[in-house]
2 protein chains.
Amino acid sequence: MTQFINRKEDLVTEAIDGVVMASGGRLARLDGYPHIRVVVRTDWDRSKVALVSGGGSGHEPAHAGFVGQGMLTAAVCGDVFASPSVDAVLAGILAVTGPAGCLLIVKNYTGDRLNFGLAAERARAFGLKVSMVIVDDDIALPDLPQARGVAGTLFVHKIAGAMAEQGADLDTLTATAQAVIEGTRSIGMSLDTCTVPGSPKENRIPQGMAELGLGIHGESGVEQIAYETAAQAMQAVAAKLARDIGPDMHVALLNNLGGASALEMSVLAYELARSELGRQLALIVGPAAMMTSLDMRGFSVSLLPLTPEFTAALQSPTPLAAWPGVHAMTPVNVVALPDGLTPIRALPSDHPQTRAFLTRCCEILIAAEADLNALDAKSGDGDTGSTLAGAARALLVAMDRLPLADQTQLYRAIGLELSQTMGGSSGVLLAIFFAAVGDASSSGLPMDSALRAGLERMQQIGGAQLGDRTMIDALEPALNALGKGLEAAAAAARKGADHTATLSRAKAGRAAYIGAGQLIGHVDPGAEAVARLFEGLCARVS
Amino acid sequence: MTQFINRKEDLVTEAIDGVVMASGGRLARLDGYPHIRVVVRTDWDRSKVALVSGGGSGHEPAHAGFVGQGMLTAAVCGDVFASPSVDAVLAGILAVTGPAGCLLIVKNYTGDRLNFGLAAERARAFGLKVSMVIVDDDIALPDLPQARGVAGTLFVHKIAGAMAEQGADLDTLTATAQAVIEGTRSIGMSLDTCTVPGSPKENRIPQGMAELGLGIHGESGVEQIAYETAAQAMQAVAAKLARDIGPDMHVALLNNLGGASALEMSVLAYELARSELGRQLALIVGPAAMMTSLDMRGFSVSLLPLTPEFTAALQSPTPLAAWPGVHAMTPVNVVALPDGLTPIRALPSDHPQTRAFLTRCCEILIAAEADLNALDAKSGDGDTGSTLAGAARALLVAMDRLPLADQTQLYRAIGLELSQTMGGSSGVLLAIFFAAVGDASSSGLPMDSALRAGLERMQQIGGAQLGDRTMIDALEPALNALGKGLEAAAAAARKGADHTATLSRAKAGRAAYIGAGQLIGHVDPGAEAVARLFEGLCARVS
């Protein structure tokens, strides 16, 4: 699969430079490219114990993303999925370690153990105090004496990081880190392999299967199981963890292995809460991508039994964006729906002239049904006439419950009727038009100004302007002319409607997708409807 | 592609519940499932202007992830890539809007405009002050009068959110949001399509091609271009943006469309800084997944010209993990390598007895080369003899530059020689052994204690215990017996080495991968080397 990289050889150095450039000056890197790739804090004064971690790249944001106040002091980055050299680790240690010493936090892989271990020896030869802890949180391979280090490493980074920032000494930090490691259990699951830069993607996991118990270097999981749902996947993970933990309350770290979508991760958080582990989870970190395996569509869950000391350190603030924070895991907070979703209907009232006027409007639109459908067939799906006539018929039926004697309430009531009976975006737009006219009218504007305010709101929401080949092309000139009487408005509407036949391109509504040439010579059906309405009303008046 | 979901129908409600549960009580959702899916702040007192946004789901963390202090007040969530209903939007508005009013932040899609627009009208009918802005930051389709709303929406959320939190009134917020929208420009690029839950994945983008100018709903990009490198991809994006912005300094928002790895996103940040836009970028938000298109392997860049007001609002703190913060975009901070990477070599000195002893050790190992290789062929790759003999030959060559007269320095010097001449993990482990012995010796321990301290360190780093079928099985008993003389040590080493032939399983080193049955009857080559060494030294002494 194609990826956003340049040369594979430059991948890690360029990525580190990207991280450093976008850190706002908080980070620097050592001048050791291409072999020594170490990211350090720029605000470090060596009076506190330095925390150095790292390992292969491909686990981002680990480890460079966790360098900063309250977490790591330096990250030593190897090639993708390969341990950094002894020299690189030594450079990291020497760059940040002062009299308080340095704690190395190493994931349990032979290469990392050896290279960090030898670098520690070399640093000690300079008289530096260096201790090292090895994280082995993976429970996927219970028979293996050397369990892998996976996302639970973040607990060590955060807890030791908070304590180091507060001035804990090296022995205390080493002992605490060791206690965190003792308590941490992790396991991962994936639906697909990851894409290693420069290598073809391995198709190891068949469709419909999931790998349970996998590491963070693309290696195979311990077993493949049939995958059914997110619920079943989380149950399988929870079952493995449940048999390996005590009765304490825990913090869970829900880690995205890189390629699961945020939507999926939220569903997995929901399922984690519902799993057999749920009642033992007091806190949660994530869901977030913290210790990834490139773009692997998978997740891992890490658990740590809580002590007051661990809780305080986990909750201690850090400005690092890669650390998603720790939150109490709570039942879903559900708030009652607000009042007002059932619209307030105005009291019905009668007013013979208004009833006659409205009825006439409806009759005009019903009479135009076939003509408007025929016009719409040229530019859309041929239903403009039926949509408007249907709304008109519904309005006739609703006439007796309308507040006909209260003009302001009437506009709003018509808007409400239209929004409930007329489908499609034109129904919503006309509902917005009438609701806004009602608003303007209630604030005391005269009728023609109120109508223009409605038009303006409809344009703001719908986005159509004059000349876009919509009903606006007739409605806007008609309303502008309305001050001069209904006949002037009708003439303006007709002129505007006819003009749409000369517009080669629709810029809003469905006709926007029609090729230009096909529209010329045909009036827009919405504009025609407006013209017919005003003309029909004149015929009645005259 | 398989995904971590349950039923497609429950995807959005379950994901929202997951977000609410993991929010530490900061969030709640309205009691309107399944149709009304609204996430609200629980710490909201309605005295400030409420900010309501939303739209289709599939863009996580937008929009629910941005609900909280300093950003949104409520998010209204539709189905995946589908607008929420008018009722859902109205419920969101009514749930959070007090006398200060409400600003709706809507991305420019017809469904969202209409449904948010009509909901606003209905809310106004209750006497609420509601205004609405429409974000149209996408420059992919310059000819379209209605540009789409994409990741630039985050600028509006953050800037209006910070000002609302500080008590700005509705008119000020609306005008500021409008000004942000006027200035914002975005464009996206992707190497692959997204996987819509419940639909087969569309294979629209051929290998080696990229789509430029795409939206966030899986729709096709404006053009397909040949994809070469991250540099060329960013150049194409930067070129589109560069011709559309003024000379001001800008903030860039580098958004992961969901499926690009963190490593790739950091490379893209690096390339953004190097692009023609680079000199106009004062601040950067991300790289991070903020407005995604499910799992699309793509990114977008959004730009906003900076004003002091925008900068202050962007920098204003928010506790939301989904907001990655804004940082100054700086050149790469490069720090000089620390002193000490070139190891300090002790001054050479001579000491005839030590020279003779060391030489004899080397000769013993060289003589054992063929035998040890043969043993290793049973359990590994047949090179233990050559590796040790090679190191011995190198040590003979190095003899004249060793500090033979200074025992403490000598151990360290031998460790250093071995780490530089002997490949593989055994070289590193022996280097660690000798370095640690030197450390212990320099702190005044007698020789046998110092040797045991070295063994302990080697075991801590290497992880092998007695009985794991390694050189430890001979070395540990030999060092324990050393107090009783060299012959006792040699006898103990031999006994320990021979015992390894009865161990059916190796637990460390390469032999751990060999089936149990194949090892029985064969002595471990590392243990054999230790036994030969002690036996050979006895022969010399006797």
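Predicted model: local features only at pLDDT ≥ 70, side-chain atom pairs only at ≥ 80, totals over all residues.
Residues are numbered from 1 along each chain as its sequence is written, chains are lettered from A in the order in which they are written, and side-chain values use heavy atoms, with hydrogens and water left out.

**Where the two chains meet**

- Contact here means heavy atoms within 4.5 Å, and it brings in 121 residues from chain A and 120 residues from chain B.
- Together the chains bury about 9,700 Å², with 66% of that on carbon and sulfur atoms; buried area is the accessible area (1.4 Å probe) that two parts lose on being put together, summed over both.
- Phe4(A), Met21(A) and Leu263(A) supply 10% of the area that chain A buries against chain B, more than any other three residues.

- Chain A and chain B share four salt bridges, each a side-chain nitrogen of Lys or Arg within 4 Å of a carboxyl oxygen of Asp or Glu.
- One of them links the side chains of Glu121(A) and Arg457(B), at 2.5 Å from N to O.

**A strand pair across the chains**

- Strand β14 (residues 334–335) of chain A runs parallel to strand β1 (residues 27–30) of chain B, joined by two bridges; strands pair if DSSP finds at least two bridges between them.
- Within that pair, Val334(A) has Arg29(B) as its bridge partner.

- Ser275(A) sits in the loop between α7 and β11 (281–288) of chain A, and is buried at a relative accessible area of 10%.
- Leaving out residues up to four places away in sequence, Ser275(A) touches Met234(A) and Ala238(A).
- Helix α15 (residues 472–481) of chain A is largely enclosed by the rest of the structure, because eight of its ten residues are buried, including Ile472(A) and Leu475(A).
- Back to His499(B): this residue belongs to helix α16 (residues 486–499) of chain B.
- The C-alpha atoms of His499(B) and Asp473(B) are 8.1 Å apart, though 26 residues separate the two along the chain.

Note on methods: Helix = DSSP H or I, 4+ residues; strand = E, 2+ residues; numbered from the N terminus. Buried < 20%, exposed > 50% of the residue type's maximum accessible area, 1.4 Å probe, protein only.
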